[in-house]
Amino acid sequence: MFEFFVEGGWGMWPILVFGMVTVGAGVQFARRPEPGKLRFIAAMGLTTLAATIHATWIALGAVFGYLEDPARVPDAELARVLIVGLKESTRPGSFGGLLLVLACLLSAVGVLRAGRAPAGGGRALHGEPREPRKPRDAPP
């Protein structure tokens, strides 16, 4: 895993930070669905996506910049170095995608839990207060 992270370059750090904040917010939303949390998850998810795209483009630029100098890469090795560089350029997308999928799954759990709330379903997602739950063994 460490090699995977290193291959992605310095752009993996913002993806890690923003992605973990997004996943953490997803955990909080799954535990206690509130509308403000969902908006924050969406904003952080977009930030993570932007960091992922940016890191991928930076990695591609580094590969192409390295390949443009014939002194660094002889023509006989050009294809192999290109393939290795392109492989490493996929690391930010893979890592950012993983964190975004986790955040989306956790958000889906929160939406499901809010929809199963008693007396009115998903009202908590619309900013309305939830009614307290009655114990299962309580009379109706």
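Predicted model: local features only at pLDDT ≥ 70, side-chain atom pairs only at ≥ 80, totals over all residues.

**Exercise 1.** Work out how many helices and strands the protein has.

*Solution.* Go through the elements from the N terminus on: they run α-α-α-α-α. That gives you 5 helices and 0 strands.

**Exercise 2.** Decide how helices α3 and α5 are oriented to each other, and say what kinds of residues make up their contact.

*Solution.* Step one: find the helices, α3 at residues 35-67 and α5 at residues 91-115. Step two: take the angle and the distance, which are about 170 degrees and 9 Å between the axes. Step three: angles over 145 degrees count as roughly antiparallel, so α3 and α5 are roughly antiparallel to each other. Step four: look at who meets whom. Leu-38, Ile-41 and Gly-45 are among the α3 residues in the contact, and Pro-92, Gly-93 and Leu-100 are among those from α5. Sorted by type, the contact has 6 nonpolar, 7 polar and no charged residues.

**Exercise 3.** Which residues are linked with Glu-7 in a network of salt bridges, and is Glu-7 buried or exposed?

*Solution.* Begin with Lys-87, whose side chain meets that of Glu-7 at 3.5 Å, N to O. Lys-87 lies in helix α4 and Glu-7 in helix α1, so this pair ties together parts 80 residues apart in sequence. Next comes Arg-91 in helix α5, 84 residues away from Glu-7; these two side chains meet at 2.8 Å, N to O. Put together, Glu-7, Lys-87 and Arg-91 form a linked network. Now the burial: the cut-off for buried is under 20% relative accessible area, and Glu-7 has 15%, so Glu-7 counts as buried. Lys-87, at 37%, is partly exposed.

Key:
Residues numbered from 1 in each chain as written. Heavy atoms only, no water. Axes fitted to C-alpha atoms, helices over the stretch in contact; angles between N-to-C directions. Helix = DSSP H or I, 4+ residues; strand = E, 2+ residues; numbered from the N terminus. Parallel < 35°, antiparallel > 145°, perpendicular 65-115°, else oblique. Contact = heavy atoms within 4.5 Å. Nonpolar A, V, L, I, M, F, W, Y, C, P; charged D, E, K, R; others polar. Salt bridge = Lys/Arg side-chain N within 4 Å of Asp/Glu carboxyl O. Buried < 20%, exposed > 50% of the residue type's maximum accessible area, 1.4 Å probe, protein only.
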